[in-house]
Amino acid sequence: SKVKEQGQDDLFAFDSEEDSNFAGCELVNVPEWNTHQRLLGEKETLGFYLSGHPLERYAAELSHITKQSISALVPMRDKTLMIAGLVVQVRKLQTKNGDPMAILTLEDSSGRVDVTVFSDLYVSSKNLLEKDQILVVQGEASVDNFSGGIRFTARRLWSIEQARMTFSKAIKLTLEKHMISSEFLDKLQGLFQPFKQGKCPIVIEYRCEDATAQLNLSQQWLINPADQLLDHLHTLLGQQQVSVIY
């Protein structure tokens, strides 16, 4: 071809020989990445978040749990605060006694702060002390004598899913009359099944033309309100039909 004669490659063109290399390829369907996975993939590939910040997905929920942004932290003696953020760095250290500890750099949309995790909490929460983990942290803010800024000492840590389990009151599903069918109810029950044996109640708000009723499902349907379940419910019902009640 003219392109080949000029020693150039056409990004979108394949000759018959090249086409034959793809003839036996089998495409595999894989689950679509959720928002958090996609954003982390953007950061790993591009070096920055292209379509938002990982914390944005949880902003509405976190507003019920944390009232304090990182940039607004001020030293308050004997005052317990709640903050949330993305772990962007983990430094694992030892105390003078040789006990393990860590310093996390936690980031929200307003700024960053170093969070000190001492040995007892380090041991009980070790699996959460990883880069790209979203954490809710309870503790105290104080002056960092070394930098002159703010540092935060953690007393308790939760992943976003643990925080949802701890602080939420229910998962509410808004169902319209036209949505209800035996096939739909079977799908809904199938989604709940792997997440049963949790502690979070399910509330259904049922709407028809001239009435609305609220149904509280029995304790048989207490569930673990994991991200994966919420993703499945959003796909089945729509984003606006699913909410976490705090």
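## Helix 8 and its buried face

In this predicted model, helix 8 spans residues 227–237. Its buried residues are Asp 227, Leu 229, Leu 230, Leu 233 and Leu 237. Seen down the helix axis, these buried residues fall within an arc of 160°, so they line one face of helix 8. An α-helix has 3.6 residues a turn, so residues three or four places apart point the same way.

Several elements cover the buried residues of helix 8. Among them are two helices, helix 6 (160–167) and helix 7 (182–192). Strand 6 (170–176) and strand 10 (242–245) also take part. Just after helix 8 comes Gly 238, with a positive phi of about 110°.

The largest nonpolar core holds 35 residues. Leu 173, Phe 192 and Leu 233 touch the most other members of this core. Leu 233 is also one of the buried residues of helix 8.

A second core is separate and has 21 residues. Leu 106, Leu 128, Phe 152 and Leu 157 are included in this second core.

## Contacts of Leu 173

Setting aside residues up to four places away in sequence, Leu 173 touches both Leu 233 and Leu 237. Its contacts also include Leu 188, Phe 192, Ile 202, Val 203 and Ile 204. Glu 205, Gln 241 and Val 242 complete the list.

## Ser 159 in strand 5

Ser 159 lies in strand 5, which covers residues 150–159. Ser 159 has a relative accessible area of 10%, under the 20% cut-off, so this residue counts as buried. Not counting residues up to four places away in sequence, Ser 159 touches Leu 128, Gln 133, Ile 134 and Leu 135. Of these contacts, Leu 128 belongs to the second core.

Notes:
Residues are numbered from 1 along each chain as its sequence is written. This is a predicted model: local features need pLDDT of at least 70, side-chain atom pairs count only at pLDDT 80 or more; totals for chains, interfaces and linings use all residues. Side-chain values use heavy atoms; hydrogens and water are left out. Helices (H or I, at least four residues) and strands (E, at least two) are DSSP runs, numbered from the N terminus. Buried means under 20% relative accessible area, exposed over 50%, partly exposed in between (1.4 Å probe, protein chains only). Contact means heavy atoms within 4.5 Å. A nonpolar core is a set of buried Ala, Val, Leu, Ile, Met, Phe, Trp, Tyr and Cys residues joined through side-chain atoms within 4.5 Å. The arc is that of the directions from the helix axis to the C-beta atoms.
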